Structure formats: C-alpha cells, structure tokens
Amino acid sequence: MTLAFRQIKRIDSGCVTYLVGSQETGECAIIDPLLDTEYVVEEAKKAGFAKITHVIDTHTHADHISGARSLARQFGLAGVHMHEKSGSKFKTIPVKDGQAIKLGNHELRFIYTPGHTYDHVCVLVDGSKLLTGDTMFIGDVGRIDLGGDARDKSDRLYDSLRRLLELADSVEVYPTHVGAAHHLGNAKTSSTIGYERTGNGALKALSDREAFFKYMTEDWPPKPPDYQNIIRLNKGEVSVP
Ligand SMILES: [Fe+2]
C-alpha cells in the first residue's frame, strides 16, 4: 500500500513536476514534466521505478514546452493523459471529469476544473493529495488571460474553485508552480485546502462573481513571453525546434 510521491522542483523556472507511484506494482505516473525529461527519469529511478507507465499533463501549458510527449514516446506509452478538450494534435488518452487511473491500490482521480484553460484537470491522489496544476496555487490562482474570453473563463474558474473547496480541509494542495503568480513571494511548496480556504487572496474573492472577475482581470504581471507559440508547440500545431 505504499504510495511513492515526489515533488520535483525546478528552481530556475518555479515549475513543479510530480511523480506518483505504487511501490507494490512498480507503476509510476509523471505529471507535468518539462521538456528536458532526464531529471524526471532520474528521479523515478531514485524512487525505485524502472519504467514510467503513465504521463499526465494537467492542461495545455502556455509558459513552458511540455515534456509529456517525449516521455510517453521514450517509454512506449499509448499517449499522454489529458482532458478531452485539449485539442492536441499529439496522441492523447482523453480523460473526463470523475475518471480515474489505478496504480496498484492507489487512485488518481481527474477533476475537471476549467478556467485557467478550457482543458484543465486537477488530479486527486487517494482522496488526500490534490495536484492542482495552475488552477490553485499557494495563496493565489492561475491567470485566465492567455487566450479565450475573460468573463467566460473567470466564471468557469469561479465554479471550479468552489468545487475544489468542497474537499476536506485536510486535503493537501500541490500546485504546478510554486511562488504563486499574482501576489508573489509565498515560500511554501505545498498547502492544504483548509489553509487556502482562509489564506488565499483569490479564494477570498469568491464571495461573488463580480468581485472574482475584478480580481482575475486587474493587477496581473506581464504575460509570459512567446506564450502563443508555446501553446501552438504544446498542441502539436508546430513542431519543437
Ligand atoms: Fe498553465
């Protein structure tokens, strides 16, 4: 029943990759790998996994080129698990809200949380650890201004966050970026639903949709350089140079 769980931080970028595995069956999932995948393979080996059996992208990233496809190719997998709305031209294994992957006795359940993007999923591990991707950060949430309609995305994120807040206070929160995005400077690398319920500025704005829309559309840092090209690369519309 031993769960392997690793948070793999890239200090230079603030991006975080996760490894979740079953030590009994040797199955191991990688969530949100960066393009240079060697660091993930090394970490899997260190954790005792000879093979990566599942690769998941929580959403179509706009700030970095995903390593998910090359990792899936390297390990001969059928594709990358992504939400069915990803629109990726790469081979994906489309997932829906509520669907789960089993790694031995462990369960990775997908929760569809549109808002940051239209294809975002969070991953709930054994009902107790929530990989929040860019939906919920520590003290903040992911921006909505990298494509799509701001009002629509704000409303979707509002609903998604309220849904995450139905989880128990004890559920641990593990985002794909640490350091947050809006009110920078949070030094924590994991949190809990209980802590975020009271300590997260964006979640405080969930009192009504207007207050949340205001929060989501004012005072954000500049957009990541080249984000439109990064999205095209991650969707397979152009190839990685
Ligand atoms: Fe993102």
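The model is predicted: local features need pLDDT of at least 70, side-chain atom pairs count only at pLDDT 80 or more, and totals for chains, interfaces and linings use all residues. Numbering starts from 1 along each chain as its sequence is written, and side-chain values use heavy atoms, with hydrogens and water left out.

His 59 sits in the loop between β4 (54-56) and α2 (68-74), and Asp 134 in the loop between β10 (129-133) and α3 (150-164), so the pair ties together parts 75 residues apart in sequence. Helices (H or I, at least four residues) and strands (E, at least two) are DSSP runs, numbered from the N terminus. Buried means under 20% relative accessible area, exposed over 50%, partly exposed in between (1.4 Å probe, protein chains only).

| Residue | Relative accessible area | Class |
|---|---|---|
| His 59 | 0% | buried |
| Asp 134 | 3% | buried |

**Helix α1**

Helix α1 spans residues 38-46, and its buried residues include Tyr 39, Val 40 and Glu 43. The buried residues of α1 pack against β1 (3-9), β2 (16-22), β3 (28-31) and α2, where contact means heavy atoms within 4.5 Å. Gly 48 follows α1, with a positive phi near 95°.
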